[in-house]
Amino acid sequence: MYDVIIIGSGPAGLVAGLYCGRFRLKTLILERINIGGQIVTSPTIENFPGFPGGIPTVELIDKIKNQVDELEVPVITEEVSSILAVDKSGIPVYTVKAGDNAYETKTLIIASGAQSKKLGVAGEGKFIGRGVSYCATCDGPFFKNKEIVVIGGGDRAVEEAIFLTSYASKVTLIHRRGELRASKIIEEKLRANPRINLKLDSVIEEITGKDKVEGVSIKNVLTAAVETYLCQGVFIFVGIKPNTDFVKNLLHLDESEFIITDQDMKTSLEAVYACGDCRKKNLYQVINACGEAAAAADSVHRYLLNLK
Ligand SMILES: Cc1cc2nc3c(=O)[nH]c(=O)nc-3n(C[C@H](O)[C@H](O)[C@H](O)COP(=O)(O)OP(=O)(O)OC[C@H]3O[C@@H](n4cnc5c(N)ncnc54)[C@H](O)[C@@H]3O)c2cc1C
């Protein structure tokens, strides 16, 4: 019987592990793929405090993972498929099914994060891995001296567009509104980059090609004019979808399936907490994923103290 099982080992899951380890709780982290979560698909993180000029993402994650290891909190690579709640004399106990195993725990921290949303246009599915990408670090090097388009207007899209200019000969950023949503400091960098062309008030209608991406059709939403633009890559950064399928029938979620919590990270179910990008909130960043993880671990600790 674990005191706490943490689902996910992105920044939120790791920091939850760090805090639970320091509370000396019997803790297990379950991770379906790689340690580090979404952020490891980005080469550097510039806005994490304490690292002027930024820090390579892998280095930051390694540092946090080392802290978790020092506390001997295990991370097992298994995907959680379901959670079963059993009431034992008024006190809940949870059985977490992961791979072929089942683990019992008194409390849970869901830190399962999110993944990139699809754009939903013709050609997108057909050309994934053949010119369509959701990860600049993973796929940027394949586009050396090629022309690419980046879709989106938030921090992530703008940062990745700038990063992609280290490979591509030209990057065109396409955004459906007249203004970017990104922070001004990042937008300034974008506008100063001679390799980036900005197309506002525009949407992609279709991604075209034979075996791989050869172009996109772009519609100006103000004039309805459609143009064909030749390019070899399409990078899509249009938001995130939470990884919450396995708790869909267990917890209260919002209409986009993000987990609803209170300010102490408590979900609709006793002894179950959630933190990071799987949670309903406004800002989806590493800094607040880490802060919420600390709060979730603290709530777990308080709950367990009250059980005694
Ligand atoms: C390209 C890109 C650039 C970004 N740039 C920045 C930036 O510059 N600054 C910044 O602050 N933020 C940035 N972000 C956002 C940041 O990555 C997220 O806010 C942060 O990773 C959220 O952490 P998390 O731990 O909540 O979730 P995630 O990082 O999504 O981690 C969740 C983990 O849970 C695992 N998981 C999911 N379901 C299960 C399951 N059923 N069983 C077991 N494990 C499961 C996943 O495999 C994953 O490892 C960027 C994101 C991307 C994609």
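1. Buried area is the accessible area, taken with a 1.4 Å probe, that two parts lose on being put together, summed over both. In this predicted model, domain 1 and domain 2 bury about 600 Å² between them. Carbon and sulfur atoms account for 39% of that area.

2. The two parts in question come from the domain assignment of the chain. Domain 1 is made of two segments, 2-115 and 240-307, while domain 2 covers 118-236. The C-alpha centres of domain 1 and domain 2 are 32 Å apart. In the contact between them, 8 residues come from domain 1 and 8 residues from domain 2.

3. Across the interface of domain 1 and domain 2 the rule finds 1 salt bridge. E46 forms a salt bridge with K189, and the closest N and O atoms of this pair are 2.9 Å apart. On the side of domain 1 that touches domain 2, the residues divide into 3 nonpolar, 3 polar and 2 charged.

4. For the model, the count of salt bridges comes to 13. One of the residues that form a salt bridge is D69, whose partner is K65, with the closest N and O atoms 2.7 Å apart. Where do D69 and K65 lie? Both are in helix α2 (residues 57-70), 4 residues apart, which is about one turn of the helix.

5. Aromatic pairs form a separate topic. By the rule applied here, the count comes to 5 aromatic pairs. The ring centres of Y2 and Y103 are 6.5 Å apart and the ring planes stand at 65°, so the pair is edge-to-face; the cut-off for that class is over 60 degrees. Y2 belongs to strand β1 (residues 2-7) and Y103 to strand β8 (residues 101-110), so the pair ties together parts that are 101 residues apart in sequence.

6. The last point concerns K199, which is found in strand β13 (residues 196-199). Which residues does K199 contact, leaving aside its neighbours within four places in sequence? They are T172, L173, I174, H175, I218 and E227. With E227 there is a polar contact between the two side chains, at 2.8 Å. By contrast, the C-alpha atoms of K199 and A295 are separated by 41 Å, and these two residues are 96 residues apart along the chain.

Terms used. Residues are numbered from 1 along each chain as its sequence is written. This is a predicted model: local features need pLDDT of at least 70, side-chain atom pairs count only at pLDDT 80 or more; totals for chains, interfaces and linings use all residues. Side-chain values use heavy atoms; hydrogens and water are left out. Domain bounds come from an automatic or database domain assignment. Contact means heavy atoms within 4.5 Å. A salt bridge is a side-chain nitrogen of Lys or Arg within 4 Å of a carboxyl oxygen of Asp or Glu. Ala, Val, Leu, Ile, Met, Phe, Trp, Tyr, Cys and Pro count as nonpolar, Asp, Glu, Lys and Arg as charged, and the others, Gly among them, as polar. Rings of Phe, Tyr and Trp (its six-membered ring) pair if their centres lie within 6.5 Å; planes under 30 degrees apart count as stacked, over 60 as edge-to-face and the rest as tilted. Helices (H or I, at least four residues) and strands (E, at least two) are DSSP runs, numbered from the N terminus. A polar contact is a pair of N or O atoms within 3.5 Å; within protein, one must be able to donate a hydrogen and the other to accept it, and residues adjacent in sequence count only if both atoms are side-chain atoms.
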